[in-house]
Amino acid sequence: MRFPAFLTWLAFPVYVWQGLGVRRRTTRMLPAQGPVMHDLAGEAPDISLLVLGDSSAASVGIGNSEDGLAAQLAALISQHTGRAVRWRAAGFNSATSGQIRDHVLPNLSADPWTHIVLAIGTNDTKNFHSVPRFKKEFGGLLYGLRAKWPEARVVWSPVLEFTRAPAMPPLLGKILEIRATAMNRMGERLCLERGAVPAPRLPITNPEQGFASDGFHASEAGYRAWAEHLVGLVLAR
């Protein structure tokens, strides 16, 4: 996949031209309102879940954080196990792997998270970061997580399929999808090398239902499908 990813640089003017058009047409959405930390009652021992990453971890695209990825995943974990669940959503709009590694991870308190879900890589791809840069920044993030929480189960949810996002013009979606495939391949390799679990890519079967009004972020139904996709892998040992 290196050669097709390299060829996308030849299409960089198209990426810039169409990308600016998408930015002009798309309303910038804010993170969801509501709690970013919460406790669900249940049996001991409790499960502590940290969902860390970009705007998806911040539940951008919907109104209430209780319908976002972290909250819905925590609710499913509680239903599956009957155990108490403490969750936190640490999501940051437009964040890349390097920004989470350098500015977020060092400032997170060392709470004893038992499960960590990473939703990161979309902005690395969208910003045209190179695969070597992603390797350094995402790989460093994995090292940092392992150092801070050596016993936690870390699951990475890879970059979604750009061609399925309603906001993406077909050509721009194809250019970014080639790059996303290369990023995901590198991300999977790094996870396997550095003690994390790469999740399968989330299948997008109904874009109209699964995406928010901006055609890029998930809707409430999209976050629900995402949580259902991850819960089994998060709990597996």
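The legends below describe close-up views of a predicted model.

Local features are described where pLDDT is at least 70, side-chain atom pairs count only at pLDDT 80 or more, and totals for chains, interfaces and linings use all residues. Residues are numbered from 1 along each chain as its sequence is written, and side-chain values use heavy atoms, with hydrogens and water left out.

**Figure 1. The chain as a whole.** The chain has nine helices and six strands; both are DSSP runs numbered from the N terminus, helices being H or I with at least four residues and strands E with at least two. Of its 237 residues, 52% are buried (under 20% relative accessible area, with exposed over 50% and partly exposed in between; 1.4 Å probe, protein chains only). Among contacts with a separation of 6 or more, 84% are between residues 24 or more positions apart; a contact means heavy atoms within 4.5 Å.

**Figure 2. H129 and its contacts.** H129 sits in the loop between α5 (122–126) and α6 (131–148). With a relative accessible area of 7%, H129 is buried. Leaving out residues up to four places away in sequence, H129 touches T96, D124, E137, R179 and M183.

Figure 3. The structure holds four aromatic pairs. Rings of Phe, Tyr and Trp (its six-membered ring) pair if their centres lie within 6.5 Å; planes under 30 degrees apart count as stacked, over 60 as edge-to-face and the rest as tilted. One of the pairs is F134 with F138, which is stacked at 5.0 Å centre to centre, with 5° between the planes. Both residues lie in helix α6, four residues apart, about one turn of the helix. F134 counts as buried because its relative accessibility is 0%, and F138 counts as buried because its relative accessibility is 0%. Ring pairs also link F134 and F138 with W156 into a cluster.

**Figure 4. Aromatic rings in helix α9.** Y223 and W226 form a stacked pair, 6.2 Å centre to centre with 0° between the planes. The two residues lie in helix α9 (residues 220–235), three residues apart, about one turn of the helix. Y223 is buried at 0% relative accessibility, and W226 is buried at 5%.

**Figure 5. Arginines over ring faces.** A charge sits over a ring if NZ of Lys or CZ of Arg is within 6 Å of the ring centre and within 35 degrees of the ring normal. R86 lies over the face of W113, 4.4 Å from the ring centre. R179, which also touches H129, lies over the face of F128 at 4.1 Å from the ring centre.
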